[in-house]
Structures are given as C-alpha cells and as structure tokens.
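User: Hi! Could you walk me through a few features of this model?

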Amino acid sequence: MSQTWVTLLIVVSDFVGINAATLALLWIKHVGGTLESVRRSWEVLSGDGVPTFLYTLSFYVTDALPMIYACWLVLFIFNGLYRPFYSGSRFDEVIAVFRVVTIGVLLLFIATFDVEEGMTFTRALVGTYWITLLAFVSGGRVVVRSVQVKLLSAGIGRRKALIVGTDDRGVRLLDDLRSSPARGYEVVGFVQARGEPISTIDFAGVPVLGTVEQLAKMIADRDVESVLIALRSNSHEEILEIVNAAGSRSVSFGITPDLYDIVAGHVRTNQIYGVPLMELRPQLRAPWESAVKRLIDVAVGLVVMVGLSPLWVLVAVAIKLDSRGSVLFRQERVGRQGRSFTIYKFRSMVVEAEQSTGPVFAQQVDPRVTRMGRLLRAMHLDEIPQCINFLRGDMSLVGPRPERPYFVERFCREIPFYMRRFNVKPGLLGWAQSKHEFDMDSSDLSKIAAERLEYDLYYIENASLILDFKIMLRTIWFVLSGKSTR
C-alpha cells in the first residue's frame, strides 16, 4: 500500500467521522436525543411533515455539511494531519487530533456565541460535538494506521533504504529499524563511508554494496528511496560528500545524531545588538509542566504506597522468610545537578552481595539474586519503594535512570557530556529502557552507558508531559510482554 493510498484512506475516514459527528450534533439540536424525540420525528416522517423534514435534511446535506467539512479539512491540512506516518505513532496521532479538534470546537463555540437563536449552541451541545468528533476521527485514524502498521510489518509498503556506515552504529540502526517496522524502512544494503575498512561481508544478513563513490549507482539499481547516515562523527565534509554522491537522484536523507549533535539541540539562539549568541537552554520545561509533573509524582507515590500497602506487607514477609537481611535495600545514587541521595528498593540480592567483588553493573542473569528476588525483578516489584523517593523529591516517575557514584565518576572520564543527563531528576521509567534492549551482560560497560546517554539526552531535549505519558505506556507494554526495562 503506497503512502498515497494511505493518505486517501485517512481523508475518507476523516470525511465519514466529521460528517457523522456533525449530523449527530444537528440531530440533537433540532430533533433531540431522547426516545420521545425519536417517536415524534417518526410521526413527522409518517404524516404531513415529510416535505418540511426532507427540505431541512436536504439543506444540511447540500449546504451545511460540505461547508463544515471544508472548514475542518482546511484546519487538518494546515496542522499537518495528512503528513506521512512512517516515523510517527498512533498515540502521537491521537494527541495531534485531540489538539486540532479542541481548537476547532473552541472556534465554533466562539463563532456562534452571540448570533441568532437558530445558530447558537449550548455548552452541552459543544461538549457533545467535541467528544463525538474526537471519538469518530481518532477511531477511524487508529483503524487505518493499525492496518498500515500490519502491512508494514508484513513488508508491504516499505521504503527501500541504504545505511551509510558499517561500524556498530550502522548495525545498531539496522537492529532498531527491524524492531520498529512501522517506521517503514527496508534496508537493502550498507555503504562504506570514508576511512572505513574495505569489506564485502554481510552485517546481520544485509550486504555491503560498495563505497560512497558508488552511491548513485546503488540508488538507481535498487530503487532506493532513503539514505540513512550512521557515522560516529557527523562532520560537514562527510555529509556533503554523501549528499553529493547521490547526484540528482530523488531520495530522502536521514542522519543519526552523535553526542555533539544531541547537545547542540539544546541551544537557543539569541541576539545581542545584532550579534547571534548560542547558549544552552536553562529551562527544559514550561513551569506549568514542571508543576504538573511533580503533582503526578506525588499522586502516584501516595496511591502505590498507601493504596496497595497490604500487598507490600506480604512482599516484606516473603522477603524475610526467603533470606536473611533487611526488607529494604538502600544505596547511594547520583541525582539532579550531581547531588547524591539514597534510593530505596525491596531487597532482591543476598546480603553483602558486593563485598568480594566491589561495585558491579546490573546483569540480566545474576547469581547474587535470591529466589524471591528473581520473582520481584520479573514483576518489577522490587522498584516499588522508589515511590518514597518520589515523595521526597529525589526522583520522578519518568526520567533517566539514577546511577551509582562509582560508575558516574568512571563514565564522566570516558564519555563526553555524560553529566548532562543529570540536568533533570532521575526517574523510575526511562526513555532508554522503553525504546531499546541493552546487552547488560556485555563486558564493555562504557559502550552500554554511551548508548543509554544518547536516549537520555533525547529525552532531556524533548522533555514534555506527552513524552512522559508515552514512556509510561511503552513501559507497561514492555512489562506485559516480559521484556526488561532496567
């Protein structure tokens, strides 16, 4: 299914949803929604009122409905609701529809606030129209997008793509695209960038087709639509070389950001007497969003700790019966602005687990975990006491995972910009854990930390309540599907 057909189906779905909601509004306003009103309208249809009713109906169908639909269509187009869906999500689309529909209904309410009696709409009618329109339009779009996702997952409608870069960054991009088929990419080959060793082997089943100098021929031979650049350092010279190598071929380009690109995304450009000045953004969220986020943290902490307290008593008893030691595990972690705090968890390991080894990074399979600890970790119940940290303000529900001082000191020496992840409060649920499964048994801890950092910096740059809700939903899916979110 081509993107043109998908867009056409979305337009048809919106057409049906908008007109159905509008007809429902007009029915409620002029006829009423009760059974008695239905009975009266049937009497009208059965008696002498048929011509009048048909005239009214024909007026709405021929004049009012097309005009109302045209207004919504313009509003949807100008707000980008007919953009290609490849890189979006259904949740994002529902939020976008919610925003546009809310604005449109508010405009309708304002426009009919003080006009003649026959055209006014009460608050109840406006609220009903808003809910109905949101349900019909969002529901139709979710159905169409779900079909599109199924087709993309089956390999139908994908864009053929090349990945420039044959090191671990390129292979990782391939893994990410394969795990997210809804993005709509079908990688047909790798391209060697300047300075990379000559290779003809396959990477994860995808062949290396040649070098950047041969890019135009590869695009033509394989009908490539997208070129994805995955280099360790996105220098201007290399990117220009790749774009020029594509020649006049009509392809889109995508670039995976390195740490420098991500940090550059935090800058805001001001002017001092006409001289541009770039400065790091001091405030990541609007004040009202920060207040709402804090309110959510406190509410979740109270509901979980107080509302489910009988369950935590049973968990505490089970921990004591299973192994010796305290019920709660306390450990120092690094929080916002590099300040240390004590994190709380249900104990899942044996007592003095690191006495002979020193600090050890978390592992998928850890012999130090007790029998009860394995159950708690599998159900993620060992993390529950961190609600205490929510209430104290040390942590938030959503944010980069807090790290131990030992590893923070090490990673700060080895990874550029590592301390920027501490510009926000650490959290229980993180963007990195909801988007990517890390090889926790790898011996290269710095590589794991660097990969996490890229996701953490993306979260910091794009911090919003909508992104927080998306992380919550993705984490719920991860837990229900048995995937790790640690």
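Predicted model: local features only at pLDDT ≥ 70, side-chain atom pairs only at ≥ 80, totals over all residues.

User: Which elements do the buried residues of α12 pack against?
Analyst: Residues are numbered from 1 along each chain as its sequence is written, and side-chain values use heavy atoms, with hydrogens and water left out. Helices (H or I, at least four residues) and strands (E, at least two) are DSSP runs, numbered from the N terminus. With contact meaning heavy atoms within 4.5 Å, the buried residues of α12 pack against α11 (309–322) and β10 (340–346).

User: Which residues of α12 are buried, and why do they count as being on the same side?
Analyst: Buried means under 20% relative accessible area and exposed over 50%, with partly exposed in between (1.4 Å probe, protein chains only). In α12 (residues 371–378), the buried residues are Met372, Gly373 and Leu376. They sit on the same side of α12 because their arc, taken from the directions from the helix axis to the C-beta atoms, is only 100°.

User: Which exposed residues does the face turned away carry?
Analyst: Good follow-up! That face of α12 is turned away from the buried side. The exposed residues there are Arg371 and Ala378.

User: Is serine 13 buried or exposed?
Analyst: Serine 13 lies in helix α1 (residues 3–30). Leaving out residues up to four places away in sequence, serine 13 touches Gly140, Arg141 and Val144. Its relative accessibility is 13%, so serine 13 counts as buried.
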